[in-house]
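Have the structure open as you read.

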Amino acid sequence: MNIKGRILLGILLLELVGYGILLFYSNQSAKTTLINVRNEQIQAIIASNFYRINNLTELLEQKALDLAKAGELLYSLKTTQAITQVEAAFKDYLIGSITQLPEAIGGGIWFEPKVFDPERIYFGPYAFLNANNAVEFTWDLNTEAYNYHKQSWYLKGLPEDWPRNLRRPQLLYWTDPYYDEAGSKALMMTVDALMYASDNRVIGLATVDWSLQEMTNFIQKIKVTENSKVFLIDERSDYILSNTLQPESVMKKRQSVSWLGAIDINVEGTDGMTSIVTVTIDEVPYRIYYSKTAMGLIFGVAIPYDEIYQEIEAVAKSQAVNGVVIIVFFILAMFILMYVLFRPFQKVQALIASSIVMSDGNELSIKPVEYAESNEFTPIVSA
């Protein structure tokens, strides 16, 4: 290999090695950046829905507290007002409250036996959304057959064995999810707010009923990627409330679904931070992003691993192709440059070679060389 070839080869090898290293680190850096950006995008979607769910549950809790305060106030007025006036006040207040809160499907103010009226074991006014989506008031749940004091939603906030002269540890209690057997048959949860007399005796509780249908319908429409799936879990009961990947698992325990069992439900639920785990579902790797709300609902998205990184891989592939194009262009440019740089040398080499003639009789003759250029080869040609 002549000197020109060696120089060209050396430069090309150095260039290829240098550019390859640069391309590798650039590709890895871009990949890491894109992964971080993608994760941030997904976490932003999780966070926005996290705050929506959190705000809704806080609104329901506040409404339950408002109903409890109203119940305490009306209880304090019962000795100065006619019972019919108090009952009318309950009706007006409950209808107005549920009308102003479309997220609730019902609300009631439920008193302990014979507390509000010594002649009545059951005193529980209730307002609800009827089949025509209008708010309706009723006393129909004040029966021995229904016996609201024994219902699970009532016992959640006020267990039978709890001394009524002691305040409960909390003001609010959420029930486990359940199907409404009294009317709508919807999957729902109830928030209880305790009521107290002026002497701190427990006198009953107020409730707000929340149908989960609207919430589950809403989250099921969330699409982070084409085949992403969403789920909602109640941390307190460990029940699955929604799971678009396996709809048949709704109202089953979280542990009954292996990949949901891998989720750490002890994540913090106050700042919207998203936790991430990788699981395999039916031999397909998924990336799970999830957060827990303040009241213990775990909302998450399961995204096929390939769908998260396919855009990133496409960008990396594009960068690699661009790199190959650049290398080919550089090689062509180097050939042209080397041709231009070595052309004077080749011209002198040909000129000197043509001046030396070997005859058939092995006689060497040198012809004069005429070289009109003035450059670094001029002294060599002159010599």
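What volume does the second largest pocket have? In this predicted model, the second largest pocket comes out at about 170 Å³. Helix 1 (3-77) and strand 4 (172-174) are the elements that each give two or more residues to its lining. Helix 1 supplies the largest share, 4 residues. Among the residues lining this pocket are Asn 54, Thr 57, Glu 58 and Glu 61, along with Tyr 173, Trp 174 and Arg 236. Sorted by class, the lining looks like this:

| Class in the pocket lining | Residues |
|---|---|
| Nonpolar | 5 residues |
| Polar | 3 residues |

Now over to Thr 190, which sits in strand 6 (residues 187-196). Buried or exposed, this Thr 190? Thr 190 counts as buried because its relative accessible area is 0%, and the cut-off for buried is under 20%. Its side chain makes a polar contact of 2.7 Å with the side chain of Asp 209.

Next, the cores. The largest nonpolar core has 52 residues, and Phe 111 and Phe 299 have the most contacts inside it. Helix 1 gives this core its largest share, 10 residues. Apart from that core lies another, of 16 residues, with Trp 110, Tyr 148, Tyr 173 and Met 188 among them. Leaving out residues up to four places away in sequence, Phe 111 touches several residues, including Phe 90, Phe 116, Phe 123 and Tyr 148.

Conventions
Residues are numbered from 1 along each chain as its sequence is written. This is a predicted model: local features need pLDDT of at least 70, side-chain atom pairs count only at pLDDT 80 or more; totals for chains, interfaces and linings use all residues. Side-chain values use heavy atoms; hydrogens and water are left out. On a 1 Å grid over the protein atoms alone, a cavity is a set of points where a 1.4 Å probe fits but cannot get out, and a pocket is an open set with protein on both sides within 12 Å along at least five of seven lines; lining residues have an atom within 4 Å of a point. Grid points are joined across faces, edges and corners, and a volume is the space filled by probe spheres set on the points. Ala, Val, Leu, Ile, Met, Phe, Trp, Tyr, Cys and Pro count as nonpolar, Asp, Glu, Lys and Arg as charged, and the others, Gly among them, as polar. Buried means under 20% relative accessible area, exposed over 50%, partly exposed in between (1.4 Å probe, protein chains only). A polar contact is a pair of N or O atoms within 3.5 Å; within protein, one must be able to donate a hydrogen and the other to accept it, and residues adjacent in sequence count only if both atoms are side-chain atoms. A nonpolar core is a set of buried Ala, Val, Leu, Ile, Met, Phe, Trp, Tyr and Cys residues joined through side-chain atoms within 4.5 Å. Contact means heavy atoms within 4.5 Å.
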